Amino acid sequence: MTDYGEEQRNELEALESIYPDSFTVLSESPPSFTITVTSEAGENDETVQTTLKFTYSEKYPDEAPLYEIFSQENLEDNDVSDILKLLALQAEENLGMVMIFTLVTAVQEKLNEIVDQIKTRREEEKKQKEKEAEEAEKKLFHGTPVTIENFLSWKAKFDAELLEIKKKRMKEEEQAGKNKLSGKQLFETDHNLDTSDIQFLEDAGNNVEVDESLFQEMDDLELEDAEDDPDYNPVAPGSDSSD
């Protein structure tokens, strides 16, 4: 008859020796404990980690132990799901023998795979960003290739915008024409226009200034009388004399 208690005690002693820094006993009845598993460091020293909680069933190892993800760091939800599936598969394959070390080792390898996947995903994201930047630079310097389709699309848009500008300009000119008053309308709206010049002169009065320097040399001008001209003929055509 199998002594399950002894097998469980022997495994606990072995596990405590193998994982001295990450093995923690939670209870003795039923035996329950945690083991923290950490991946190897990635390219940028990033790691993923999970703490597995195990509880022995009464007939372990002929029955699978109870297990769960006690805590985790840097794992996505799908990673947690994958780890639980892995534990279920390994427990099924190892029934009848102590299996905690085997389960922990399988999870350790899975965490290392996840770190590698993170590295691959980051490299792909980097390549994608570089590709997008390169394509954006090509568009900047080379523009979009002209095809019949995109030219006709641009032409239709351009014509529509030009038509709107013409309509707007015609509307503004029409409105400006309506607001412009004729001379008659100006006199009709402002009755002071017909007397404004007269009023200006009346307001000026004696204040009109004359520049006398304009007339200083008038006396020096030699104005000849027409009768003093020896060639003057009073009966010549064009003269002012009358018969």
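Lys110 counts as buried, because its relative accessibility is 17%, and the cut-off for buried is under 20%. This is a predicted model, so please read the values here as computed from that prediction. The side chain of Lys110 meets that of Glu113 in a salt bridge, at 4.0 Å from N to O. Glu113, by contrast, is partly exposed, with 41% relative accessible area. Both residues belong to helix α3, and because they sit three residues apart, about one helical turn separates them.

## A link across the chain

In total, the structure holds three salt bridges. Another of them pairs Glu46 with Arg122, where the closest N and O atoms are 3.5 Å apart. This pair ties together distant parts of the chain: Glu46 is in the loop between β2 (31-38) and β3 (49-55), while Arg122 is in helix α3 (residues 100-142), 76 residues apart.

Here too, the partners fall into separate classes. Glu46 is buried at 15% relative accessible area, whereas Arg122 is partly exposed at 42%.

Let's turn to helix α4, which covers residues 148-179. Lys155 and Asp159 both lie in this helix, four residues apart, or about one turn. They form a salt bridge whose closest N and O atoms are 2.8 Å apart. Asp159 is partly exposed at 34% relative accessible area, and Lys155 is partly exposed at 35%.

A nonpolar surface patch is made up of Val146, Ile148, Phe151, Leu152, Trp154, Phe158, Leu162 and Ile165, together giving about 830 Å² of accessible area. Ile165 lies in helix α4 and counts as partly exposed, at 47% relative accessibility.

Definitions and conventions: Residues are numbered from 1 along each chain as its sequence is written. This is a predicted model: local features need pLDDT of at least 70, side-chain atom pairs count only at pLDDT 80 or more; totals for chains, interfaces and linings use all residues. Side-chain values use heavy atoms; hydrogens and water are left out. Patches are made of residues with over 30% relative accessible area and no salt bridge: like charges are joined within 9 Å, nonpolar side chains (Val, Leu, Ile, Met, Phe, Trp, Tyr) within 5 Å. Accessible areas come from the Shrake-Rupley method with a 1.4 Å probe; for residues, only the protein chains shown count as cover. Helices (H or I, at least four residues) and strands (E, at least two) are DSSP runs, numbered from the N terminus. Buried means under 20% relative accessible area, exposed over 50%, partly exposed in between (1.4 Å probe, protein chains only).
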